[in-house]
Amino acid sequence: MKQFSTFYLDRLLFGVEVATVQEVLRYHEMTPVPLALPVVQGLINLRGQIVTALDLRRRLILPERVADQLPMNVVVRNGDEAVSLLVDEIGDVLDVEEDIFEPPPATLRGKVREMIRGTYKLKDRLLLVLNIEKVVNLS
Amino acid sequence: MDEIVKEFLVESYENLDRLDREFVELEKHPSKETLGNIFRAIHTIKGTCGFLGFAKLESVTHAGENLLSLLRDGAIRMTPPITNALLALVDAVREILSNVESAGNEGERNDSALIDTLVSLQTVNDPASATPSESTAAIPSPAASDTSATRRKKKKTARATKNKRLNTAEIRADVSRPARRPQKLGEILVNRGEVLPEEIDQALNQQADGDPRRVGEILVQSGAVKPADILGALQNQLGALQNHNEGRSTVSDSTVRVDVGLLDKLMNLVGELVLSRNQIVQFAANQENSAFVATTQHLNLVTSGLQEGVMKTRMQPIGNVWNRFPRVARDLAAACGKQVRVEMAGAETELDRTIIEAIKDPMTHVVRNAVDHGFESSEARVAAGKPPEGLLFLRAYHEGGQVNIEISDDGGGVNPEKVRDKAVQKGLISADQAARMSEREIVNLIFHAGFSTAEKVTNVSGRGVGMDVVKTNIEKIGGTVDIQSKLGQGTILKVKIPLTLAIIPVLMVVVGDDRYAIPQVSLIELVRLEGEQARKGVERMHGAPVYRLRGNLLPLVYLHDVLKLPEGTNDDESVNIVVLQADGRQFGLIVDGINDSKDIVVKPLGKHIKGLSVYSGATILGDGKVALILDIIGISTSANLTGENRQPSHRTDTAIVGESLGDRRALLICRCGKDYFVGMDLSSVGRLEKFPLTAIERSGAHEVVQYRSEIMPLIRLAHVLGFGAESDPAEALDVVVYREAGKSLGLVVDQIADIVEDRITVQNEQRRDYLLGTVVVQGRVTDILDVRRVIQAVLPEYLAGAQAA
């Protein structure tokens with residue numbers, strides 16, 4: 001049995017292991033960083049700590065978020081650094097059984113395949129589990 | 001590792017750092033005091049390591065201690081071989097200590113050769129074989145003048161016998177004693193040659209037989225010794241007693257060792273507090289509740305005080321780095337066959353420890369470079385009419401929130417012709433550019449990567465990776481480097497570095513919707529063009545924007561271009577140019593708006609942004625938003641200002657009539673009265689401020705303002721200089737804040753006109769009231785003000801108070 005923090009991106013359900021999530025926040029004002037990679041959406045002030053916010057839609061090569069939809073923050077820890085992932089909406093924390101897991105299908109290719117560990121076949125939909133290390137590592 | 005071993009290591013390292021310097025000092029000026037210090041340091045290490053069970057360390061230090069005790073007692077003289085052996089001892093101890101630190105044991109060293117050397121040196125120059133004059137010159141001892149020749153001779157042999165005795169197997173017990181307990185009066189007298197051991201024995205026997213008098217009294221009354229000699233010996237004993245006690249009580253009572261990690265953490269917390277304070281202060285500005293506003297003000301003051309206090313705990317004197325330079329210079333000079341002496345001024349100047357760490361290596365490199373390349377050989381020096389021994393002078397002082405470090409030598413200087421040829425040959429600049437560059441700019445080319453003029457590669461420097469690394473490292477911590485040289489007379493390297501890295505003053509600018517911070521270190525001046533000027537002031541030179549700043553072309557860079565942002569909405573009504581200095585070049589950065597200047601806490605950037613050279617960090621502003629800190633060097637590089645196609649920076653056009661070269665000085669030019677201009681030395685100016693007329697209050701006969709939680713008196717310069725009362729400007733007064741000994745004083749001027757820096761020669765040497773002289777600046781006659789004299793005349797109590805503080 002594993003626990004996942006879930007969130008939505010373009011109506012897809014994604015999950016990251018609960019242990020890697022530091023906190024989940026509503027929309028936060030961001031300071032843009034000119035010249036940075038397009039995925040870097042800006043910097044947020046997280047109680048005095050400066051955290052880089054990555055647009056997860058862009059990272060996962062999903063369609064752009066509509067302009068008036070304010071993203072929410074899923075702050076994950078990666079090594080010493082905290083990084084905020086911008087998502088559409090926050091979901092529940094789900095307990096899932098290991099036996100409904102399946103690795104990504106062979107038809108999923110390219111950069112995105114590396115970032116998705118696999119999926120849990122929930123009753124009504126698929127839960128895509130992210131490999132946070134790969135998601136956060138832009139190089 | 002054991003706490004006690006850790007403490008031993010820390011203490012021993014401190015002692016060793018001091019030793020390097022004292023040995024070199026001792027070689028030149030033998031003094032009992034220095035010898036005593038060295039002896040005590042080695043003795044402490046020996047004593048503690050015996051206790052901790054470091055046998056190798058103990059045997060090495062023991063041999064050194066024996067030699068030192070003989071030196072201290074004047075039994076043998078200091079000679080270069082002895083200095084070398086003792087320096088080798090320090091190195092050996094350092095190596096063993098570092099082994100203890102890293103591996104927890106002493107390592108596989110064999111120091112028997114060193115120990116043999118140290119032991120053999122204990123016998124070579126027994127003063128009995130030396131001529132009397134030499135032995136007295138080495139360690140001055142007040143030899144009694146009225147004793148007969150025979151008596152003196154007898155005493156000398158007695159002293160020599162005593163020393164011989166010291167050189168036997170008894171040494172261990174005998175020499176460690178003097179430091180544990182001060183010598184007895186009799187011992188001192190015998191050692192000084194004032195009395196014979198038999199006379200002391202006799203006096204002691206008398207005491208044992210019931211004589212109530214003290215040894216000294218018996219000796220004087222029996223005529224064996226003069227009262228003055230006893231007095232001298234007693235003073236000697238007292239001094240030894242004091243030395244004996246110091247380091248035990250005084251130091252440990254008034255200081256505590258604190259873990260550096262803890263200090264760093266404290267500093268971070270204070271940084272956070274400063275940010276929260278800024279946010280609350282901003283919030284309080286819109287509040288009506290007076291109790292809340294008052295509490296906020298108090299919080300403001302306490303936070304500032306705390307910030308200052310914590311910063312101070314992290315301050316270390318620059319001498320901690322310098323201490324090893326005499327040794328470095330000595331060893332290197334010996335290897336190059338040169339003679340070099342190191343002198344220092346301002347070693348107590350304090351810097352943040354992170355900066356001390358950061359400048360350690362570059363500074364060492366500069367010193368090595370100076371000894372290796374800067375100085376000529378002794379013969380060449382003599383031929384050039386200089387003393388054979390070269391002087392390397394280190395100077396540090398605070399100026400305007402920065403620390404200036406100067407390293408100067410009186411060596412051969414940098415040959416601009418050679419540098420020019422080399423630079424052209426290596427393709428660093430074109431021959432055409434070379435022809436246009438001033439001498440000073442050419443000399444500064446030695447900071448270029450891959451540049452080295454040394455004819456041969458030595459094993460110490462000259463691989464062409466020298467000065468550019470120094471420059472990069474200094475600039476990394478927000479500092480600047482400049483070199484000036486006169487062929488045949490020497491070179492002076494000037495380094496300016498910030499006091500601390502954690503909290504820096506910045507200027508906030510606006511581009512588009514966002515604010516950016518520009519570190520004040522790089523800031524030269526602000527220029528605002530309005531109306532007609534704004535439309536015509538920025539000219540194009542084949543597409544490249546430039547501005548005529550006092551007759552010189554200033555290359556311009558649009559910040560929105562550098563950051564690839566859409567062009568600002570700013571209309572053509574005004575242009576804001578931030579004049580910056582990076583990499584020795586000036587350029588103007590055009591921004592949409594200029595906000596205020598403030599102190600900010602620098603925060604590191606995450607790894608996704610770290611690679612961008614145009615930012616050096618980020619900070620959190622009063623309203624909680626994040627702002628990026630611009631890296632001026634990065635910006636000038638990305639705008640292609642540095643590198644091969646860069647323009648030589650303009651020179652300020654201060655007129656110098658005649659060819660005499662005065663000191664290069666920065667002057668602040670102010671207008672007082674209708675068209676009268678005075679200049680004052682910029683180094684005495686703390687800040688430039690504007691105060692609204694409503695802020696001016698009265699205290700006694702003086703006008704004052706509340707400024708940075710103190711009451712600052714104001715002096716109206718126009719009144720003092722006799723230009724009568726010009727009516728006050730409508731809204732605010734321009735004030736030059738003068739600081740001395742932590743107290744501020746405001747000089748009210750009618751207008752702050754300009755800052756110029758150049759060699760300024762005072763033309764009119766006759767000193768009139770308050771004036772140092774007169775110069776011509778930018779074609780305008782300008783008197784130079786003696787600020788201290790003005791203050792002396794108007795507010796003498798300020799200077800008196802500042803001196804007391």
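View 1. A residue is buried if 20 or more other C-beta atoms lie within 10 Å of its own, exposed if 12 or fewer, and partly exposed in between, with C-beta atoms placed from the backbone. This is a predicted model: local features need pLDDT of at least 70, side-chain atom pairs count only at pLDDT 80 or more, and totals for chains, interfaces and linings use all residues. Residues are numbered from 1 along each chain as its sequence is written, and chains are lettered from A and ligands numbered from 1 in the order in which they are written.

**View 2. A:Asp55 sits in strand β5 of chain A.** Strand β5 covers residues 49–55. Strands (E, at least two residues) and helices (H or I, at least four) are DSSP runs, numbered from the N terminus. Leaving out residues up to four places away in sequence, A:Asp55 touches A:Val39, A:Gln41 and A:Leu86. Here, touching means that C-beta atoms, placed from the backbone, lie within 7 Å. A:Gln41 is 14 residues from A:Asp55 along the chain, and their C-alpha atoms are 5.8 Å apart.

**View 3. Chain B meets chain A.** On chain B, 20 residues contact 17 residues of chain A. Four elements of chain B each give two or more residues to this side: α14 (260–284), α26 (607–610), β17 (615–620) and β18 (626–630).

**View 4. Chain B has 30 helices and 29 strands.** Of its 805 residues, 33% count as buried.

Terms used:
Contact = placed C-beta atoms within 7 Å.
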